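Please find below some notes on the model, arranged as numbered points.

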Amino acid sequence: MTHELKKIIKAYRAAQTENLKTIMATVVALDGSSYRRPGVRMLILEDGSMVGAVSGGCVEKEVLRQAESVFNTNQPRIMTYDGRYRLGCEGILYILIEPFNPDKQMLDAFDETLLQRKTFMVSSYFLKEDVSSTHFGSVFQIQDMVLPIQAGFNPEKSKTSPKLKKFTQEMNPCFKLLIIGAEHDAVQLCNYAALSGWEVSIMTTPMEEKNILDFPGAVEFINCDPEEMNMDKIDQQTAVVFMSHSYVKDLKYLIALSDTKPVYLGILGPKKRRERLLGEFLEHCPEVSDEFFDNIHGPAGLNIGAETPQEIAIAVISEILSVIRKQEPMMLKNKKEGIHN
């Protein structure tokens, strides 16, 4: 969800240039089931425009309506939305609506945390009632700093209130996808991954006559030989997919990555190609860890009958999601528990 916060803060900065007030709505609690879980956020601008969503689109109109009082009074409030009567979702949402006007210190700390790919926390104080209170509010906890998102909010007073509830969410670095290759199917995977909110980097050798403009949604284009790769860019919030369509290039990049720990490493192509590739890789890197091998997925993607580059991209993204969320792929209609359990 960190990528959603990035969009919210980007929109806030744009609103500042137009002298527009902004309000943030956060789902802080849920009784029953709903389209999305606590921790989702959206930004409401004074002109009525919205960035993000807290549901599938059905709750947002009511959030916008109730945000008017917060714009008028500058006082946070809790909105209760009972989906049992309106949506059939059998859930009650508790949404904190509060002024969003973080100071420069908070914005700078947020930017630096994203750049360093560090984890941070967001905490919100509230009651499960349709009421307004100056004690309601959210703070970012970045390293040893507690940074409110609304001017004048004092979280120390909220901490000492025995009635208030506290919702705390751990925010991981934005999920990153490194695509090695620059062919047509790499463009499709880049596009779909960017739409999913992932930060996409493209890596090619200097021989490729491509640039970042060829990859809509990419945030980085790396043009280097395998031996020159910066391994600091690979962490446990990174997936790597080989799409060079060159056996020799794949082998060189695989060797270069042997000491890294991506959460997922996907290799395109049939099983025979994978077995040959990994066999030759072991000859060059006999001491490679079992953990590295466990994270290799080849052929990359779930078995959904994908044929076109677009469908293959969906299959690969689906498999990456199943790995990072630790889920066994199945049809939801066959799941005995709730969707999010």
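1. Helix 4 (residues 104–116) lies across strand 6, strand 7 and strand 8, at about 120° to strand 8. Contact here means heavy atoms within 4.5 Å. Angles run from 0 to 180 degrees between N-to-C directions, with axes fitted as lines to C-alpha atoms, for helices over the stretch in contact. Helices (H or I, at least four residues) and strands (E, at least two) are DSSP runs numbered from the N terminus.

2. The model is predicted: local features need pLDDT of at least 70 and side-chain atom pairs count only at pLDDT 80 or more, while totals for chains, interfaces and linings use all residues. Residues are numbered from 1 along each chain as its sequence is written, and side-chain values use heavy atoms, leaving out hydrogens and water.

3. The strands under helix 4 belong to an open sheet of four strands, ordered 8-7-6-9 with antiparallel pairing; two strands pair if DSSP finds at least two bridges between them. Strand 8 and strand 9 (165–171) stand at the edges with a single partner strand each, so one side of each has no neighbour in the sheet. On average, neighbouring strands of this sheet are turned by 25° against each other, direction ignored. Strand 6 and strand 9 pair over seven bridges in the antiparallel sense, and serine 123 has threonine 168 in strand 9 as its bridge partner.

4. A further open sheet has five strands in the order 3-2-1-5-4, with antiparallel pairing. Its edges are strand 3 (50–52) and strand 4 (77–82), each with a single partner strand, so one side of each is left without a neighbour in the sheet. The twist from one strand to the next averages 25°. Strand 1 (residues 22–32) and strand 5 (residues 91–99) are joined in the antiparallel sense by nine bridges; leucine 96 in strand 5 is the bridge partner of threonine 26.

5. Helix 1 packs on this five-stranded sheet, touching strand 1, strand 2 (41–45) and strand 3, with its direction at about 10° to that of strand 2. Helix 1 (residues 2–17) also lies across strand 6, strand 7 (137–142) and strand 9, running at about 75° to strand 6.

6. The structure holds nine aromatic pairs; rings of Phe, Tyr and Trp (its six-membered ring) pair if their centres lie within 6.5 Å, and planes under 30 degrees apart count as stacked, over 60 as edge-to-face and the rest as tilted. The rings of tyrosine 125 and phenylalanine 153 are 6.5 Å apart at their centres with planes at 45°, so this pair is tilted. Tyrosine 125 lies in strand 6 (residues 120–126) and phenylalanine 153 in the loop between strand 8 (145–148) and helix 5 (155–159), 28 residues apart. Both residues are buried, where buried means under 20% relative accessible area, exposed over 50% and partly exposed in between (1.4 Å probe, protein chains only). Ring pairs also link Phe110, Phe120 and Phe140 into a cluster.

7. For cysteine 190, the nearest cysteine sulfur is that of cysteine 174, 15 Å away. Cysteine 190 is buried, with a relative accessible area of 0%. For cysteine 285, the nearest cysteine sulfur, that of cysteine 224, is 17 Å away. Cysteine 285 is buried at a relative accessible area of 12%.

Technical notes
Disulfide = S-S within 2.5 Å.
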